[in-house]
Amino acid sequence: MATKPLIKALTEAGVGSRRRMADAIKQGKVKVNGVLAESFTQPVDVVKDRILFNGQPVNLEPDRVICLMLNKPEGIVSTVSDDKGRRTVLDILPSKYKQYRLYPVGRLDIDTTGLILLTNDGDLTYRLTHPKFEFEKEYLVAIKGSLTGEEKQQLQRGVLLEDGMTHPAKIREISQFPFNYSVIIHEGRKRQVRRMFEHLHHVVSALKRVRVGRLTLGDLKEGELRPLSPAEISTLLNG
Ligand code: URA
């Protein structure tokens, strides 16, 4: 049951002592779903209700692990803030998620679309980003023309980029306009897929990540997101 008295919800969220919260409610500093709180005991649902204290959203479940799958659109940077003022993955989240300290797991380039996870959980981030866990990442790649058999083999074996050899990749020809290749890698180096193709003098004109481990983008549209289920989170954590 996620419902509890307002004052209990506030103190358990770590906002302040019971006394301080009682004063704040009396002084009209607490709003529940946009409406001034009426009493200390009014029931609040810690999952659904939005509480503001002094105008700031209160995270009513500070220990709750959140993991969202976002289909990142083009033109959005996958960082928490951007010194050039570009829109970030956090800027496009619905306001109900703003209370959690979410951050993106790994990076997608500004012009790459597709699956990116956002979480507030360090263990999940560690599992997903540490190379020893080897999560596969599948990308759809659009290039003009096609790879020769030899080029395909080179990518499959590994190519020498400025930061070292890439690990063997799986490459498959597809026809999913505008994409003509699927590439599976398990490293996460900066602009890796684009650089692998550039190494062979092919310019990637569109790139989309469609899978991380067993999580697939499915029919999530660009700009849409969905929370991972507890079962999906536990699969990521426990393999
Ligand atoms: N490889 C790239 O080149 N770009 C990405 O965003 C992800 C992988």
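Visitor: Is N238 buried or exposed?

Guide: N238 is exposed, with a relative accessible area of 60%; buried means under 20%, exposed over 50% and partly exposed in between, with a 1.4 Å probe and protein chains only. Please note that this is a predicted model, in which local features need pLDDT of at least 70, side-chain atom pairs count only at pLDDT 80 or more, and totals for chains, interfaces and linings use all residues. Residues are numbered from 1 along each chain as its sequence is written, and side-chain values use heavy atoms, with hydrogens and water left out.

Visitor: Which helix holds N238?

Guide: N238 lies in helix α6. Helices (H or I, at least four residues) and strands (E, at least two) are DSSP runs, numbered from the N terminus.

Visitor: At what angle do α3 and α6 pack?

Guide: Helix α3 (residues 122–129) and helix α6 (residues 230–238) pack at about 55°, and their axes are 9 Å apart. The axes are lines fitted to C-alpha atoms over the stretch in contact, and angles run from 0 to 180 degrees between N-to-C directions. The two helices are therefore oblique to each other, as angles under 35 degrees count as roughly parallel, over 145 as roughly antiparallel, 65 to 115 as roughly perpendicular and the rest as oblique.

Visitor: Which residues make the contact?

Guide: From α3 they are D123, L124, R127 and L128, and from α6 they are I233, L236, L237 and N238; contact means heavy atoms within 4.5 Å. The C-alpha atoms of N238 and L124 are separated by 9.7 Å, although these residues are 114 apart along the chain.

Visitor: Changing topic: what about β9, buried or exposed?

Guide: Seven of the seven residues of strand β9 (residues 113–119) are buried, so β9 is largely enclosed by the rest of the structure.

Visitor: And which strands does β9 pair with?

Guide: Strand β7 (residues 67–72) runs antiparallel to β9 and is joined to it by six bridges; strands pair if DSSP finds at least two bridges between them. K72 has G114 of β9 as its bridge partner. Strand β8 (residues 103–104) is also antiparallel to β9, over two bridges, and Y103 stands opposite T119. Strand β15 (residues 204–212) runs parallel to β9, with two bridges, and T113 is partnered by K208 in β15.

Visitor: Where is there a hairpin?

Guide: β13 and β14 form a hairpin with two residues between them. Their antiparallel pairing has five bridges, and E173 faces Y181 in β14.
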